[in-house]
Amino acid sequence: MIEAIGNQYIVARPVYSTNTFGEEFKKTQRHHKTFLDHLKGCCSCSSQRAKKIALSLFPIASWLPAYKIKEWLLSDIVSGISTGLVAVLQGLAFALLVNIPPAYGLYAAFFPVITYFFLGTSRHISVGPFPVLSMMVGVVVTRVASGGNSAPELSSSSTENDSLIEERVMVAASVTVLSGIIQLLLGVLQIGFVVIYLSESLISGFTTAAAIHVLVSQLKFMLQLTVPAHSDPFSIFKVLESVFTQIEKTNIADLVTSVIILVVVFIVKEINQRFKSKLPVPIPIELIMTVIATGISYGCNFEQRFGVAVVGNMSLGFQPPITPSVQVFQDTIGDSFGIAIVGFAVAFSVASVYSLKYDYPIDGNQELIALGVSNIFTGAFKGFAGSTALSRSGVQESTGGKTQIAGLLSAVIVLIVIVAIGFLLQPLQKSVLAALALGNLKGMLMQFAEIGRLWKKDKYDCLIWIMTFIFAIVLGLGLGLAASVAFQLLTIVFRTQFPKCSTLANVGRSNIYKNKKDYADMYEPEGVKIFRCPSPIYFANIGFFKQKLIDAVGFSPLRILRKRNKALKKLRKLQKRGLIQVTPKGFICTSDGFKDSDEELDNNQIAELDQPINTTDLPFELDWNADLPVNITVPKVSLHSLVLDFSAVSFLDVSSMRGLKTILQEFIRIKVDVYIVGTDDEFIDKLARCEFFDDEVTDSIFFLTIHDAVLHILMKKDYSTSKFNSSQEKEMKFDFTINTNGGLRNRESQVPMETKF
């Protein structure tokens, strides 16, 4: 019965153990689906199921018929043109990160948008080149392609570099196709949940480290230096060493141009950010600076006068598709898996932000399929792996993009550049593209501020961020990602292996129990200890759990058990020899010189010492907390009841199950009653299946709540509840009533006490 009185409530109910609750309230029989049932459901076919599958595979069929032409078309057109111009420049710039000619970046900016238009579930992200993925692909290209030990300046007009360019393009395309296949398989098998192993802290630290890699890799274009490429661990330091050893060879024209571009881009982007609510559309500073830089380079003939490196020949139209290299597949399977996971994680994270903002659903598995098909399609046409660039998606959303119609129109802009006006970009300096690439890193570089915020919120997450950054910088992006995931999982193991166990006590004389160290007005029943474990118990932390429990109760039950069994052996010998007498006042030993060998007992009879104590053969009652005869000492134990709060213990493995049973047996054998509270029915069912219960450890030790167990202890030990209320009769039915003011009281009844345990 529950009575509500204002902001208080009064609950009157019996004290429930799990068994008594099960006797009073019968559980309904539920059918739990087996693996075979799920398999039958997956293999079943109907017209509705076929329609559902078709709509899930082609989300365009859901949103396109509902497209509001009058309201959305103009916004999508404006957004598509703006996003397309940014995509062109980012495609050219990010191709430098892959160590292939800039023209191939246009393919990477065009093909993924087409396939994602039909298969993607997000309406706002702009798929295409992403600097982190481009850098990861570039590392693989450098390692696998011949000539990986050095990186000569790539020029389409240089005949001696044609074969090297073709090989690098082949490697980049093959890696892209393989990562697309991995994404497609993950999506088809419905295991897109793998991305949950990449936490926000890990992604933030990894992308920040990748931004540093991008920054270092672009120095050679900004300074126009011939820097050997490296893909092994510590490669970033080797590149920096190479840059600084030949810093005197810097092309001043490229350096000045790139610095001017960087400063202007940063300033205007800051203006866009601060006044985004007042600007109708963000200022397209990348486009403006590209047009100005291209015009000045062409008009002043920078290539001939200052020897700057330019984009060079931009062949119009598309190149024929290629067949990926199986050998590259074999050499890059690990790298491709990392590229696939990172690409999906970034795209899904950005898509989730927009889906929450505009209240529409996205499907992680369908996103994997869409990105996988996009990468396969792109790689077949000599593009490289893509995801979504944060800045490009921001442009598409902030300029009014409503659907992927804007994405399709951005692809049309890229198409126009590919087939018609690409030649106009031939005089553009590569240092300008490098500066534009760095200008898009501001958001990622600003993530260093996360360290301070994470340190205040969660030090484990802060450590994950720092270690991920260090791993990615030192080991490289591929190995760094693997090491970061391993370290992150290790922190989870560490948190559960060393949980913050605590001892609880009653707060305010109510049914609330909190850590006894946190509050001043606490009540702990005499002889009762309440111990809480806030994590799963498994093979790695059962030893830690046992030690924390021993620390909480203040003694080792096994040591007490052995001491008592030793004392019992001595008492039997004294009684057998007639050297001991029992009086109402205690024991009288008639021989002060009696001695026995503890060492002999420890070494030769250790197994017997761990057995339950049996005093039935003695002609007297034995109180272990009373004084024993001379030369017989046993530590006194004031604890008579131990309550284990397992409300946060989600599972128990077989190894820890044996350890837990041993701990319970040790306490029970020294006459300490043990109770477990807060577990669900499946937890108890698993213990029963594993034959956990026996004559010593029974299933009657389980109670619904801590308070149920405490009240049961009070009744069982026939406590005077004057601790809670000054008046009580022994012969009564206990009906404990709790109110939020903290009062625990007993309601007397004429019915004799009847308690089930």
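Which side chain meets that of Arg669 in a salt bridge? In this predicted model, the partner is Glu696, and the N to O distance of the pair is 2.8 Å, where a salt bridge is defined as a side-chain nitrogen of Lys or Arg within 4 Å of a carboxyl oxygen of Asp or Glu. Arg669 lies in helix H29 (residues 654-669), whereas Glu696 lies in the loop between helix H30 (681-689) and strand S13 (702-703), so the pair ties together parts that are 27 residues apart in sequence. Helices (H or I, at least four residues) and strands (E, at least two) are DSSP runs, numbered from the N terminus. Arg669 is buried, with a relative accessible area of 16%, while Glu696, at 25%, counts as partly exposed; buried means under 20% relative accessible area, exposed over 50%, and partly exposed in between (1.4 Å probe, protein chains only).

Because the model is predicted, local features need pLDDT of at least 70 and side-chain atom pairs count only at pLDDT 80 or more, although totals for chains, interfaces and linings use all residues. Residues are numbered from 1 along each chain as its sequence is written, and side-chain values use heavy atoms, with hydrogens and water left out.

By the salt-bridge rule, the count comes to 18. One of the pairs is Lys357 with Glu397, whose closest N and O atoms are 2.9 Å apart. Lys357 belongs to helix H16 (residues 333-358) and Glu397 to helix H18 (residues 390-398), so this pair ties together parts that are 40 residues apart in sequence. Lys357 is exposed, with a relative accessible area of 53%, but Glu397 is buried at 14%. Arg532 and Asp645 also form a salt bridge, with 3.5 Å between the closest N and O atoms; the pair links strand S8 (residues 528-532) with strand S11 (residues 641-645), its two residues being 113 residues apart.

The contact (heavy atoms within 4.5 Å) involves residues of H7 including Val132, Leu133 and Met136, and residues of H16 including Gly338, Ile339 and Val342.
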